[in-house]
Every structure is written in C-alpha cells, then in structure tokens.
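Please open the model in your viewer and keep the selection tool at hand. The stops below are meant to be visited in order.

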Amino acid sequence: MRLTILPILILFQAYLITAQTSLKEIDLEKGKYNVGFRHYTISDSTRTYSRIYDYTKTKIARPISVSMWYPSGKNVEGLEPLQVVDYFEILKKEEEWEHLPNEQLLNWFYYSNTPENQKHLEEKTTAYAKAEFGKGKFPLILYTPSYQASSIENFALCEYLASHGFVVMSGPSRGTDTRWFSSSNAKEMETQARDVEFLMKEAGKFPIVDHDKMAVMGFSFGGLSNIIVQNRNDNVKAIVSLDGTERYQYGLLNQSPFFDAPKIDVPYIHMAQKDIPEIVLKEDKIDAELNTKFQLYDSISNGKSYRLKFHDLTHGYFSTLGVLFANRDPRQDKSDPEIMESYKWVAVYALHFLEATLKNDKKASDFMENGPSDNGVPSRLVTQTIKQPERRAFDFHDFNDLALAQNYEDLPQLYDSIIKSHPSFKILEGDLNTLGLQLVFNPNRSSQGIDVFKLATTLFPNSFNLYDSLAEGYLYLGDKEKAIQSFEKSLELNSQNQNAINRLKQLK
C-alpha cells in the first residue's frame, strides 16, 4: 500500500528516474551559529478538527504541529546531529501515521523506495535536537509549506537560515476539517493563513525571537497563504516566495476578502521555476501562459519586488525533500548536479534578501541589487528583474504615521517640515477633526487629541466646528474654563452653533 498526493501544479507522468543527490553535495555554507531544533504539537481551541483515519468521528481542537530551527550556543558537545530519518518521523506524525514502522516510510508516502533514497534517510543534518538557545534576539521567519506538505519539507533551507542568525518556525499544510484539503482551495488558503498567524503568536513565547523583524516564506501553495498573512499583519516586513502559486493562481487570491495588491508594501521576492517545455505543456495539459503571466507581480505598486527565474529547476525542486527524494522527469528535469547547484543559489538568495530586509545588512543589500553574474552566479542559471515601488502622493495616513511616531507632539513643526518635503500635500479640516475626536475620547490619548485640535485651529482659524470640537475635548478632560473659552470662540465664528449655545448654558 502507498499513499500519494497530487501536486497542485504539475504531474510527472512518464518515464521517471531516481534522483542521486546528497545534502553534502548541495553544499550550503553554514553560518556562525550551531542550529538547534525543536518539534512539538499545540492546539488551537478556536477551531475543530477530525483525524482523517479516526473513524469514530471525534472532534478535537485543531492540532498545530510546530517545527522550529534556531541559532544555538557553541556548546553542542555530547549531542548527535539529526538524521534525515528523524525528520521523516515528524512527517509520518503529521500524516497521522505515527505508529508506522520506519522501514515502511518510503513504501508508504511519496518517494520511491530505492537504495539511493534509503541512503538519504541515514544522512546527517546540521541541526541538534533540543540544543540550548543562542544568546540575544533573532529575526523570525514563518515558513509555509506547499499543498498538504509537511512542516519539514525544506529542512535544509531552514537549517541554513538558522545557522546565519534567524529563527524559523513552520507548521504542516493541513486541511480545514481533516488532514486533507477540501474541494475549496480558497477555504484552505484561508485556513493555512490562520495557521501561520497562530504560529506568529506562538513565537511570542520565545525570548530569542525579535518580533519587530518578521518575514514569511512559502513554497508553492504556501505562497498564496503568505500574501493573505502579509495583507492583514503590519508586522510582516518581507515576503519570500519559492515558486509560490500566487504566480499561477491569481484568481484564487482574488477570492479572499482580505487580498489587496496595494497592501503589499514590503519587499517581495519570487523565485520561479524554469519555463515548462512544450512537450510537457501538451502532454500534461498545462496552460502555456504559466511560463509568462504573473498578474500579482504586475499589480504590486507599493513595495520593492524581485523576480528571479531559475533555468535548471522545475517546481518540485524548491524544497529539500524534492531535491533529495523526488523522481526526475526526463522530459524537462536537468541533471542532479545542476539541480543541487540551483537549489543552493535559491537558498543564498533567500538568505541575502532576508539579511537585507530584516537586518539592514549592507553587503546583502548590494548582493540583491547586483545582477546575478556580479554575484558569481553563472548566467545560464538565473535571470533577474527588479521593480521599484511607484512614487505616490503623500497623504493623511502618512501624516498620521509620522505624528503618531512622535506622540502627536510638536505638530506645527512636523506640518511645516512635511510641506517643505511634499509641497502638494493638502490636509483637510474634516480629517483633523475626526482624528482629534478619536484621540480625545480615548482616555489614554486625550491630551494628544487636544494637540491635534490646536494644530487644526491654527491651520483653519475660521472654523467654528473645530473650536466646538476642541471645547468638547476640554470638557471631556474636565477643564471647564478652557471649554467655555473654546465654545465662545465657536459662537463668535458662528452665532447659530446650537451645540455651543446649549453647552454654555449648562456650564454657566
């Protein structure tokens, strides 16, 4: 017996051959940190779930399986590094076959039971189970797996990033109701996004994590979910897409009420597979537009975007498990050395992008701005396009962001500096009035609301309504004398202001 999953994008149908690769030959250059690894399961009590092979129909709280790679201290003496088979132990638990004998692993799941793949299971990795946490805080990468895939599908890349000073957390790609996805990919995209956000909160338990420096990274279907996560979480500062399906299924993104392309205002990198050959397009009935069309990239206007195409990689080889274990399709796959070399460069680009965006590393930023050949990448391997964010007019949201950053203090000076930099900026009386009222009735920000109204009455000295609102603010704070003065000023500007008339009767 053997369980199979159909990849979301491409089915390899004919004359498959076995991969002959190794972790050592991928040759990822380890960083200065040892890598610790922890795996555990927690539950999201806000959602229910059924184990797919539990025929009792029992409902449980949704299980969230967490794999975590992190920078560790120097002392790993006495610890043995994980073997690949240790990751497969996690895979079988996530597939809800936790009692399956290990000798059945390659017979049961997705990869051929060949001598080469048996050797892969014995290979040592660079991670140490339950090693101590390194000192300090490190940026967080939330990894989102491909369609129904395991949290450990890209373990070599996750170890590589952790060795260079990142914490990487990942959970499996599970269906909404059971292990398997339903017929509604839009629903499953939202479920996966919620799982990522659950991990985001889980990361708050670890003092090693720097929550102000957070990025999402996803492969295939995980790329779709990560766009939704970024759209509704301002603390996501960058997006890494490993041939993410947002390139191929833009229509699916549009089914989400949370998707809004202009909200992608953080650096975004998409690393794509090679052009699919004509024979594969025909035999597998794949739309030829997949080679050229990228609606999401074209629609991004507010964030810097990088688009890379890896000419020696097909879709499945953007994951560690794909590189090591997946059968090769002779119609389009390159040789194993070429695949391993390209996977290495995928990891290198991911690292430099994250170091540039989350750590503001100058050398990494220069690397991202260079052409591939300037970075030592053979020209046959990668082509690159960079798109700068479009310049947009400075607006009231931008003004409020700057004002909030200085607690709404010294607003006249701030306004003057903005006008010098953005002479076309026009501030509206109504916007200031609404902002001032929102703040003044907030017990924690009432004095800041008064500061907004002071700016507003300076800019619009003939507005009876602004003085009326300022008076309400003083009254809310209990300063009756200043409230009376402001209501009287409002009446001076508009003798028919009934609210000021009524308020003054009450106060006097």
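Begin by selecting Met200, which lies in helix 6 (residues 185-202), where helices are DSSP runs of H or I with at least four residues and strands are runs of E with at least two, numbered from the N terminus. This is a predicted model, in which local features need pLDDT of at least 70 and side-chain atom pairs count only at pLDDT 80 or more, while totals for chains, interfaces and linings use all residues. Residues are numbered from 1 along each chain as its sequence is written, and side-chain values use heavy atoms, with hydrogens and water left out.

Met200 is buried at 9% relative accessibility (buried means under 20% relative accessible area, exposed over 50%, partly exposed in between, with a 1.4 Å probe and protein chains only). Leaving aside residues up to four places away in sequence, Met200 touches Leu142, Met214, Val229, Asn233, Asn235 and Val236, a contact being heavy atoms within 4.5 Å.

Next select Asn226 in helix 7 (residues 221-231), which is buried with a relative accessible area of 0%.

**Stop two: a charge over a ring**

Now show Arg38, whose charged end sits over the ring of Phe133 at 4.1 Å from its centre; the criterion is that NZ of Lys or CZ of Arg is within 6 Å of the ring centre and within 35 degrees of the ring normal. Finish with Arg328, which lies over the face of Tyr317, 4.6 Å from the ring centre.
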